[in-house]
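These are my notebook entries on one structure. I record what I looked up, entry by entry.

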Amino acid sequence: MGNPLGRYLLTLRRLWGTALAMQLEYQANLLLEVVAAIANLIGSLLLLSLFYGGGRALGGWSWPQALVVLGVYTLLEGITSTWLRPNLSTIVGHVQQGTLDFVLLKPIDSQFWLSTTRLSLMGLPEIATGLGLMIWAAAKAGIRTTPWLLCQTLLMLLASGLLLYSLWFLVATTSIWFVKTWNAIEVLRAALSAGRYPISAYPAAVRTLFTMVLPVAFLTTVPAEAMLGRLTLPWLLLSLMVACLGLALSRAFWQFALRFYTSASS
Amino acid sequence: MAPSTSPIILAEGLSKTYRVAAKDPGLAGTLRHFVQRRYNDVAAVRDVSFQIQPGEMVGFLGPNGAGKTTTLKMLTGLIHPSAGKALVAGYTPHRRQANFLRRITLVMGQKQQLLWDLPALDSLRVNAAVYGIDDAESHRRIHALAEMLDMGNELKRPLRKLSLGQRMKAELLAALLHRPEVLFLDEPTLGLDVNAQARVRSFLADYNQRFGATVLLTSHYMADITALCPRVLLIHEGRLFHDGSLEALTQRLAPCREVRLELAEPWPLDSLRAYGEVESCEGMVVRLLIRRDALTAAVSQLLADLPVRDLEVRDPPIEELIGRLFVQGTLS
């Protein structure tokens, strides 16, 4: 049988292979998607340069520093298009069509399967631009990237990616009860778009909301702080904790939802 | 009958009750339902018990909504039973332990697991990884199964370009790659043409022979059941009505057989009544219903007494019998 980790890794590799093959099956569609993604990106960059033009500062963040936040946000958007949206929308499809049964009958973790079967190339331009923007803006803000700084940033990006995943998965899980949850996911996206700007740019009450209730602060501001070398250890630990908590919560909620699942009977 | 081995499928007092939303029709009903949801309890399966020995092929019959699919879902672990116990291959299904899942498979005629846009081989490679089957072994198995299913290059073509029959065969292949011991098949021949049905049927018989797999099969096509299953379970309104051979079921449903006579000359109706119930008498063709236990005696009597040109004894078609049962809703 081989060891379980090897089995999961091989499964993952083959899943992604088929996911890419599936996209390449429709060349024209893929080309259009990439063009759309690039056009979308150019549009939002133009808009933001208008916003931030004139050397204004935002909540104590200089223009280049704020651009690091935007870079993180763009990166997360790319991850959403590449990884989260394709996978989690299939959960809704599985529930509607009753094919979740096939997933549940495989000797593999159902959350793992549902979170990894799809991969879209559509978000890759955004991921590249987000990373580029982060590096460029940090340099502009006068930051010398040391290996330690890089490690911290990567760790915080990982934490924020996992947190974002957990939020998406939590919302997608509710489709077990409500079947159509696409609107809820749009609401989540709209709320998270607040992460475009540094958290300190918001009034105190909103700031509390975005830290304690909807963890927007941990998604973009904290990784940006790490990149700018201003992250304190308590915030770093807190961010890791929040990410782990999010994951644990998404897992527990999924297990709970499965107990209610009875599938569309024929 | 004393089983030599322990049963591979065991259901004991298996029951499932669903909560179903009760909604009145029309806009008013919809609005009321949106504001205040009301639910009814519907018993889909009630107190069903049976045992299946390893290697058996058992047909699972019943009209739509009788509880067949619900029972299959409880046995595969997709649904928790509301009451009772299920044991499959020594495992409690609803715990869905990996070692249990490796031993079973579920094929649903109206749902597919293979990826629509890709050749079946791609999906099969993923399944092989999931079940931890190495490349050499999975090639061997795919080749062997493809041969049994009479499949060639279809596995390399995108699924969407295959016919329904070819797709079903590919689905079967995918469902059997891990060589399960217990096969739950829910309408595996649904929508297939007669040739494709026959192909799937002979494959299942072949698979059962070769690997000694246990099969529990539901089908709307009685030909599937008569060809494959010496034993049938008949479920109606959630209750198990019959567990035994198909012949026994026919006997139970139809205590009489039909005797069709062609006579050399017309015969008075009254004297025909002495042999059995006269179903019809048109010119020289007479159809009689005669109780099974009196059949042999009645037939030899008929041959001795009447100018018989031709005589045919047959069972009323099983579809008709079961259909009649479900309309009447009772079984003595």
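**Entry 1: a helix on a sheet**

I began with helix α11 (residues 295-305) of chain B, which lies across β10, β12 (285-291) and β13 of chain B and runs at about 165° to β13(B). Helices (H or I, at least four residues) and strands (E, at least two) are DSSP runs, numbered from the N terminus. Contact means heavy atoms within 4.5 Å. Axes are lines fitted to C-alpha atoms, for helices over the stretch in contact, and angles run from 0 to 180 degrees between N-to-C directions.

I noted that the model is predicted: local features need pLDDT of at least 70 and side-chain atom pairs count only at pLDDT 80 or more, while totals for chains, interfaces and linings use all residues. Residues are numbered from 1 along each chain as its sequence is written, chains are lettered from A and ligands numbered from 1 in the order in which they are written, and side-chain values use heavy atoms, without hydrogens and water.

I then looked up the sheet itself. Four strands of chain B form an open sheet in the order β11-β12-β10-β13, with antiparallel pairing; two strands pair if DSSP finds at least two bridges between them. β11 (277-282) and β13 (308-314) of chain B are the edge strands, each pairing on one side only. From one strand to the next, the twist averages 20°. Strand β10 (residues 256-263) of chain B is joined to β13(B) by six bridges, and B:Arg260 stands opposite B:Glu312 in β13(B).

**Entry 2: a three-stranded sheet**

I found another open sheet in chain B, with three strands in the order β2-β1-β4 and antiparallel pairing. Its edges are β2 (38-52) and β4 (83-88) of chain B; each has a single partner strand, so one side of each is left without a neighbour in the sheet. Here the twist averages 30° from one strand to the next. I recorded 11 bridges between β1 (residues 9-22) of chain B and β2(B), and B:Leu14 has B:Val48 as its bridge partner in β2(B). Helix α2 (residues 68-76) of chain B lies across β1, β2 and β4 of chain B, at about 120° to β1(B).

**Entry 3: where the chains meet**

How many residues does each chain bring to the contact? I found 30 residues from chain A and 34 residues from chain B. The area buried between them is about 3000 Å², of which carbon and sulfur atoms give 60%; buried area is the accessible area (1.4 Å probe) that two parts lose on being put together, summed over both. A:Arg14, A:Phe102 and A:Leu105 supply 25% of the area that chain A buries against chain B, more than any other three residues.
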